[in-house]
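Here is a short report on selected helices and strands. Please look over the sequence and the model before reading on.

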Amino acid sequence: MEWDWRRWRRKWLTEPLYRMAQGAMPRLSATEQEAIEAGDVWWDAQLFSGRPDWNRFLATPPAKLSPDEQAFLDGPVARLCAMLDDWDISWNRYDLPPQVWSVLKEQGFFGMIIPREYGGLGFSAYAHSEVVRRISVQSVTAAVTVMVPNSLGPGELLMQFGTQAQRDHWLPRLARGQEIPSFGLTSPEAGSDAAAMTDTGVICRHVVDGVEQIGILLNWRKRYITLSPVATVLGLAFKLYDPDHLVGDKTDLGISVALVPTDLPGITIGRRHLPAMQAFQNGPNEGKDVFVPLDALIGGIDKAGHGWAMLMSALAAGRGISLPSLAAAACVFAAHTAGAYARVRTQFGVPIGKFEGVQEKLGRTAANAYLVEGARRFTCSGLDMGHKPSVVSAIMKLHATERMRQSVNDAMDVHAGKAVIDGPSNYLGGLYRALPVGITVEGANIVTRNLIVFGQGAIRAHPYLMKELQALADSDQEAGMDAFDGLIWKHIGHSAGTMLRAIGHAWSGALFAASPKGVGRAAPFYRRINRYAAAFSVLSEMTVLSLGGSLKRREMLSARLGDILAELYLLSAMLKRWHDEGQHEADLPLVKVCAFQGFSTIEKRIDDILHNYPSRWLAGLLRLMVLPPFTRVRPPTDAALAGCAQILLEPSEARMRLVGEVWSNCNGRAVEDLEQAFDLVVKAQPLMDSVRHSGLKDWRVAHAKGAISDQQAQVLEEAEKAAARVIQVDDFAADEFARSGH
Ligand SMILES: Cc1cc2nc3c(=O)[nH]c(=O)nc-3n(C[C@H](O)[C@H](O)[C@H](O)COP(=O)(O)OP(=O)(O)OC[C@H]3O[C@@H](n4cnc5c(N)ncnc54)[C@H](O)[C@@H]3O)c2cc1C
């Protein structure tokens, strides 16, 4: 009889492995399973494979605006921006002015993601992101107000899961701003652990206008809900029960989502929170015995109990747009203003941008702006290709907002007192105060970093792991083992190949790693990403294998692995930007600083992971394989950082590419003053230098002595006056602080 190798392998190798893995691998709760299965994978999966396909990567079409989208930016968005006075909004009104609310509703700002057939603008992810970006630098309050209806709230949910009747009814009303939506998930007891909410819906019979109906009796208490105080409809998440089995056999149906008009009896709404002194509408709401018909459930009764999966799926797209767009704008704005201010402000007789200490901050903000903006564009390309990449969206939410925090803090340091003193002339204060909002919402960053990026990514984006876990959890053991047999051997082959590559790349310093054609001087960076992607793949495999289910509790290890994946994503997106913009030589300092910063972060994370690895011998072996001492990279040099700072300090095309259009078309009077002063100071600089070299301290003396002409004196005087305007800060009469009514 012929020896059947496959049967032998299944019986003697696969079966023991299957049993062993069933005990060792993490068991996922139903909620975790739903969260992991939400959305899809994209470039993250390529990075996870340890061998990214760069040709496919470079073929990704760059995000582009259609003529209609461009016209919307040039028209309604520019006009809206010109109406936004953030100081007035935050300090005087604690709200957007009525005319701004009208424009937002009438011009379709609340319906950017709603398809045109329902009366929405039907914008691409990129256009949606551009709108949020432009508004963000004018007013965080206005930006957040626009974000909510275009993310969870609940247009996206309706489009993905609503019944036709629900879409027909709600989408046109939401698109024209006839309904103001908000989304209620968070409650006092359930923040990060939102699935632990105590808000309930009980399916019951209820008499409405003399007629008995089957519907849901809701009781809830929510807080932190954006737009809640002005909402006319609430997308409400709650736990649904059917104790009398009116719709089926199950009593506990699970988390569900319903659309609840806010004027129903039993609802208390309208009170406001004050989030970090930002004036966007945010507040608690409560419902006591509120009755809604069954068809208030988004997606109808068929979607009862699927609320968590629906939310995760809607977030998979939205989380990649709203906050990353605000953060990208904030990074660019921080770089722009810090650079211009450092050129205009003089101390010790020279512009402060000449001091290395200031250049360090400027260099970092310049590189951050370049990288986060590249990542925003690349992510929008993926979304516009139809992906809903949940891991990428989480990476973007986390890392864009963390870099925004770093950049805005750096810009604050460069401006010092000028940015500390609040008032209409302070163009950074609003963004600074808003930092914790970005860090906290849509999944607070600690949870996102420690639990989500690698926690989900390891399973979702790994080429085999998710299918293997499904096979291990299969209630039909024989079918599960068949599937496992088909997967595990391919997995082992893949891992062995990756391990060899990781060792080769690590020991050769990525010298022989492949890089795609046509990437010019960025080729070594592609090679290095290949090196770290292979190392990451090996480390991930080994960590999941050696820690199994306990990895969930080792959050610090998981966070560092997530950071490596995130760096790989952000760096590749940054390289794509350089490529798509035409590989400008002048931008290379930015590319280099981003690359060396990212690579050294990756190596530091690998080092820290191995330093904290539970198994010392495995840590030693892995260190030898992926982090040999003689091919380590170092962070960017001082000169490289100074080179990036220089881009912000001199007018050039590179500066315009970096900070160009985010604030243009806007009503940033203080920023306009700054930009004007920057131009005048740059123009006056050669004259200033010649006066100084001639031994005369002041241009007035030089003018009096005839060393410079009247015209030259005028140039210098204009520059001086413009600089003096910029360094002014606001002051207030004491009674202005004693106003009532706020
Ligand atoms: C301005 C603002 C607007 C908001 N808008 C809305 C909205 O429109 N709709 C809505 O439903 N919600 C909204 N939220 C709620 C927001 O999503 C929550 O604040 C967020 O999920 C965190 O919950 P929490 O604030 O209760 O923090 P907690 O859950 O109490 O967490 C506190 C800290 O512990 C960390 N943490 C918790 N669990 C873990 C863990 N397992 N591992 C590691 N760290 C952990 C968190 O990261 C956080 O840093 C908003 C919040 C704010 C502040």
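## A strand pair

Two strands pair if DSSP finds at least two bridges between them. Strands (E, at least two residues) and helices (H or I, at least four) are DSSP runs, numbered from the N terminus. Strand β4 (residues 233-241) and β5 run antiparallel, joined by nine bridges. F238 stands opposite S256 in β5.

Strand β5 (residues 252-261) has eight of its ten residues buried, so the rest of the structure largely encloses it. Buried means under 20% relative accessible area (1.4 Å probe, protein chains only).

## Basis of the model

This is a predicted model: local features need pLDDT of at least 70, side-chain atom pairs count only at pLDDT 80 or more, and totals for chains, interfaces and linings use all residues. Residues are numbered from 1 along each chain as its sequence is written, and side-chain values use heavy atoms, leaving out hydrogens and water.

## Helix α15

Helix α15 (residues 390-415) has 26 residues, which should span 38 Å at 1.5 Å a residue; its end C-alpha atoms lie 37 Å apart, in agreement. The expected span is 1.5 Å times one less than the number of residues. α15 is mostly covered, with 21 of its 26 residues buried. Just after α15, A416 takes a positive phi of about 50°.

## Helices α1 and α20

Helix α1 (residues 5-24) packs against helix α20 (residues 477-508) at an angle of about 100°, with axes 10 Å apart. Axes are lines fitted to C-alpha atoms, for helices over the stretch in contact, and angles run from 0 to 180 degrees between N-to-C directions. That makes α1 roughly perpendicular to α20 (65 to 115 degrees).

The contact (heavy atoms within 4.5 Å) includes L13 and Y18 of α1 and F484 and W489 of α20.

Methods
Parallel < 35°, antiparallel > 145°, perpendicular 65-115°, else oblique. Buried < 20%, exposed > 50% of the residue type's maximum accessible area, 1.4 Å probe, protein only.
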